[in-house]
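Trainee: I would like to go through this model term by term. For each label, please give me the value and the rule behind it.

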Amino acid sequence: MVIPKKQPSAPQDSKRQPREETHLEGLASITSMLIIWSFVMGFVLQNFVIPSSSMASTLLVGDHVIVERATLAPATSWTNLIPYRELRRDEPVVFFRPAPNPKGQHDILVKRVIGIPGDRIHLRCGIVHRNGVSLDEPCAAKPTPANYDPYNDEFPAISPAKGRGVTAEWSLDLLDHIQGEDLVVPSGMYFVMGDNRSNSYDGRYWGLVPRANLIGRPLFVYWSFETPEDDLYKTSPSERASSTLHTMLHFFDETRWSRTFHRVN
């Protein structure tokens, strides 16, 4: 009887040499990553820079923040992948200001949510009272005799006609939302204020924020650079070039390194 010879075993997979990626495959990988990154930054996350001191000391002028957009987006019936939820009291929010600026544009602002639909709001001596309870707000600047303003600090008890910078539309609309001594927040609207209460152009002056105007919630500061309050409003090419050059020259000594990855509460 002839015994067949044993065939040599095939080489193990572990001994195979990795195949070199082709140029076309490399381009496809980079393109896929760019598409994913564009989707994340366009629909889930977005970066903004703080232009004013209205939210100091929670947010400073020159803070660059990452804003999460997905959970406040209108919920859809075809997916449960994103945990949609409604805006909550006392959290900061980024939104389009309902009142347009002199150029007809709706500025992007960040303020703190003071009232959600159904809440009753009034201020006494700069202290917020919500639904009959005075709020203890460690993040909010308290008024002083030097910066006390009747319309600002006794809202809405003082007529809008006596407030400086109150929009004409809000002067009329405000009256429809007052019950007794309170502003009552209607359905689908939010009342917001800045933490720097004596230096914040907020809902007291231009009104309520519709649900449709919400953009997202600021999560954390990823970079903070010492910036003059008027710097971000300079739009001419020469001014922007000068600002960019200043940032490049003073990146290390004027960056607020302690605020890197500072969580926004």
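**Labels and their rules**

Mentor: Start with the largest cavity: its lining has five nonpolar, one polar and three charged residues. The model is predicted, so local features need pLDDT of at least 70 and side-chain atom pairs pLDDT 80 or more, while totals for chains, interfaces and linings use all residues. Residues are numbered from 1 along each chain as its sequence is written, and side-chain values use heavy atoms, without hydrogens and water.

Trainee: Which residues line the largest cavity, and what makes a residue part of the lining?

Mentor: The lining consists of Gly126, Ile127, Val128, Leu135, Glu137, Ala140, Ala141, Lys142 and Arg197. A cavity is a set of points on a 1 Å grid over the protein atoms alone where a 1.4 Å probe fits but cannot get out, and a lining residue has an atom within 4 Å of a point. As for the classes, Ala, Val, Leu, Ile, Met, Phe, Trp, Tyr, Cys and Pro count as nonpolar, Asp, Glu, Lys and Arg as charged, and the others as polar, so Gly is polar.

Trainee: Two of the lining residues are Glu137 and Arg197. What makes their contact a salt bridge?

Mentor: The rule asks for a side-chain nitrogen of Lys or Arg within 4 Å of a carboxyl oxygen of Asp or Glu. Between Arg197 and Glu137 the N to O distance is 3.0 Å, and the contact is a salt bridge. Arg197 is in the loop between β10 and α4, Glu137 in the loop between β7 and α2, and 60 residues separate them. (Strands are DSSP runs of E with at least two residues, helices of H or I with at least four, numbered from the N terminus.)

Trainee: Why are Arg197 and Glu137 called buried?

Mentor: Buried means under 20% relative accessible area. Arg197 has 3%, so it is buried; Glu137 has 7%, so it is buried as well.

Trainee: How many salt bridges does the whole structure have, and which residues share partners in one network?

Mentor: The search finds 14 salt bridges. Asp63, Arg256 and Arg259 are joined into one network through shared partners. Asp63 meets Arg259 at 2.7 Å and Arg256 at 3.7 Å, N to O. Arg256 lies in the loop between α6 and β13 and Asp63 in strand β2, so this pair ties together parts 193 residues apart in sequence.

Trainee: Are these three residues buried or exposed?

Mentor: Asp63 is at 0% relative accessibility, so it counts as buried. Arg259, at 10%, is buried too. Arg256 has 19% and therefore also counts as buried.

Trainee: Glu68 lies in strand β2 as well. What makes its meeting with Arg217 a polar contact?

Mentor: A polar contact is a pair of N or O atoms within 3.5 Å; within protein, one must be able to donate a hydrogen and the other to accept it, and residues adjacent in sequence count only if both atoms are side-chain atoms. The side chains of Glu68 and Arg217 make a polar contact at 2.9 Å. A polar side-chain atom of Glu68 also lies 2.7 Å from the backbone nitrogen of Ala70. At 9% relative accessibility, Glu68 is buried.

Definitions and conventions:
1 Å grid on protein atoms, 1.4 Å probe; cavity = no way out; pocket = protein on both sides within 12 Å on 5 of 7 lines; lining within 4 Å. Buried < 20%, exposed > 50% of the residue type's maximum accessible area, 1.4 Å probe, protein only.
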